[in-house]
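Please keep the structure in view while reading.

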Amino acid sequence: MKKLFLTSSFSSVAKLFEDFAGEPVKGKKLAFIPTASLVEEVRFYVDDDRKAFEKLGLIIEELEVSTATTEEIATALERNDYIFISGGNTFYLMQELKKKGADKLLIEQINNGKLYIGTSAGSVIACPTVEFVSDIDEPKKAPELTDYSGLHLVDFYVLPHYLNFPFKEGTQKIVNEYSPKIDLRPISNNQVITVLGNEIKTL
């Protein structure tokens with residue numbers, strides 16, 4: 001059964017996580033993937049999320065996809081209880097995941113029931129494609145990415161930071177343009193979309 005916890009900002013909704021996990025999370029191991037933030041100048045949100053996980057008592061193993069081998073990625077995803085992918089540049093993240101075959105490894109682990117937590121870019125990649133966030137992200141930071149398909153873990157499209165600074169105009173533009181065409185689900189920094197098998201909720 002698929003278990004997804006899709007956020008704009010994990011630290012803002014961390015208090016809802018243990019309830020969703022359905023078990024005490026203290027002492028659980030987390031594969032923490034900060035790759036999307038590597039090409040960004042602003043990165044404080046990665047530390048905020050890391051601190052939020054530490055506060056919950058999780059044991060964090062950092063996994064940098066862009067420098068790890070495919071084998072190292074596979075082993076790390078396998079040995080950790082949960083997988084987390086941080087915010088940053090969605091296109092760069094997708095480029096690096098595809099380069100290493102990590103996209104397929106993630107899909108396999110998550111389809112087998114491993115709990116997945118995404119923040120911002122980490123939530124967008126769960127969608128069928130990532131192209132719809134071009135207005136709030138920079139595709140040019142991923143010059144080698146030619147295929148914008150996502151992990152297709154869900155059939156809808158998560159739009160993070162809806163009406164939050166500094167994405168207010170960009171997110172509204174995406175809603176205006178894409179709402180008539182795709183199942184777009186905008187969430188603010190204080191909301192989370194949870195997927196438990198076929199049950200999908202916005203909290």
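A residue counts as buried when its relative accessible area is under 20%, as exposed when it is over 50%, and as partly exposed in between. The model discussed here is predicted.

**Backbone exceptions**

Most residues other than glycine have a negative phi, and most peptide bonds are trans. Leu163 sits in the loop between E6 and H8. Is Leu163 buried, exposed or partly exposed? Its relative accessibility is 39%, so Leu163 counts as partly exposed.

Ser120 also has a positive phi, of about 50°, although it is not a glycine. The loop that holds Ser120 runs between strand E5 (115–119) and helix H7 (121–124). Because its relative accessible area is 11%, Ser120 is buried.

The peptide bond between Phe165 and Pro166 is cis, with omega at about -5°. Pro166 belongs to the loop between strand E6 (157–159) and helix H8 (168–178).

**A buried glycine**

Gly88 is located in the loop between E4 and H5. With a relative accessible area of 15%, Gly88 is buried. Which residues does Gly88 contact, leaving aside its neighbours within four places in sequence? They are Ala36, Ser37, Glu40, Tyr45, Ala121 and Asp137. Tyr45 is 43 residues away from Gly88 along the chain, and the C-alpha atoms of the two are separated by 8.9 Å.

**Two helices**

Two packed helices are described by the angle between their axes and the distance between the axes. Helix H5 (residues 90–100) packs against helix H6 (residues 102–111) at an angle of about 90°, and their axes are 5 Å apart. H5 is therefore roughly perpendicular to H6. On the H5 side the contact is made by Met94, Leu97, Lys98 and Lys100, and on the H6 side by Ala102, Asp103 and Leu106. By type, the residues of this contact are 4 nonpolar, no polar and 3 charged.

**Nonpolar cores**

In soluble globular proteins, nonpolar side chains tend to be buried together. The largest nonpolar core in this model has 47 residues, and those touching the most other members are Leu77, Ile125 and Phe132. Not counting residues up to four places away in sequence, Leu77 touches Ala31, Ile33, Leu63, Ile83, Leu105, Leu106, Gln109 and Lys114. Another core, of 19 residues, lies apart from the largest one and includes Ala14, Ala21, Val25 and Phe53.

**Aromatic rings**

How many aromatic pairs does the structure hold? There are 14 aromatic pairs.

| Pair | Distance between centres | Angle between planes | Type |
|---|---|---|---|
| Phe32 and Phe53 | 6.3 Å | 90° | edge-to-face |
| Phe32 and Phe84 | 4.9 Å | 35° | tilted |

Phe32 lies in strand E2 (residues 29–33) and Phe53 in helix H3 (residues 44–55), 21 residues apart, and their pair links distant parts of the chain. Both Phe32 and Phe53 are buried. The pair of Phe32 with Phe84 likewise links distant parts of the chain, with Phe84 in strand E4 (residues 82–85), 52 residues apart from Phe32. Phe84 is buried, as is Phe32.

Phe32, Phe53 and Phe84 are members of one aromatic cluster. Phe5, Phe10, Phe17, Phe20 and Tyr82 also belong to this cluster.

Terms used:
Residues are numbered from 1 along each chain as its sequence is written. This is a predicted model: local features need pLDDT of at least 70, side-chain atom pairs count only at pLDDT 80 or more; totals for chains, interfaces and linings use all residues. Side-chain values use heavy atoms; hydrogens and water are left out. Axes are lines fitted to C-alpha atoms, for helices over the stretch in contact, and angles run from 0 to 180 degrees between N-to-C directions. Helices (H or I, at least four residues) and strands (E, at least two) are DSSP runs, numbered from the N terminus. Angles under 35 degrees count as roughly parallel, over 145 as roughly antiparallel, 65 to 115 as roughly perpendicular and the rest as oblique. Contact means heavy atoms within 4.5 Å. Ala, Val, Leu, Ile, Met, Phe, Trp, Tyr, Cys and Pro count as nonpolar, Asp, Glu, Lys and Arg as charged, and the others, Gly among them, as polar. A nonpolar core is a set of buried Ala, Val, Leu, Ile, Met, Phe, Trp, Tyr and Cys residues joined through side-chain atoms within 4.5 Å. Buried means under 20% relative accessible area, exposed over 50%, partly exposed in between (1.4 Å probe, protein chains only). Rings of Phe, Tyr and Trp (its six-membered ring) pair if their centres lie within 6.5 Å; planes under 30 degrees apart count as stacked, over 60 as edge-to-face and the rest as tilted.
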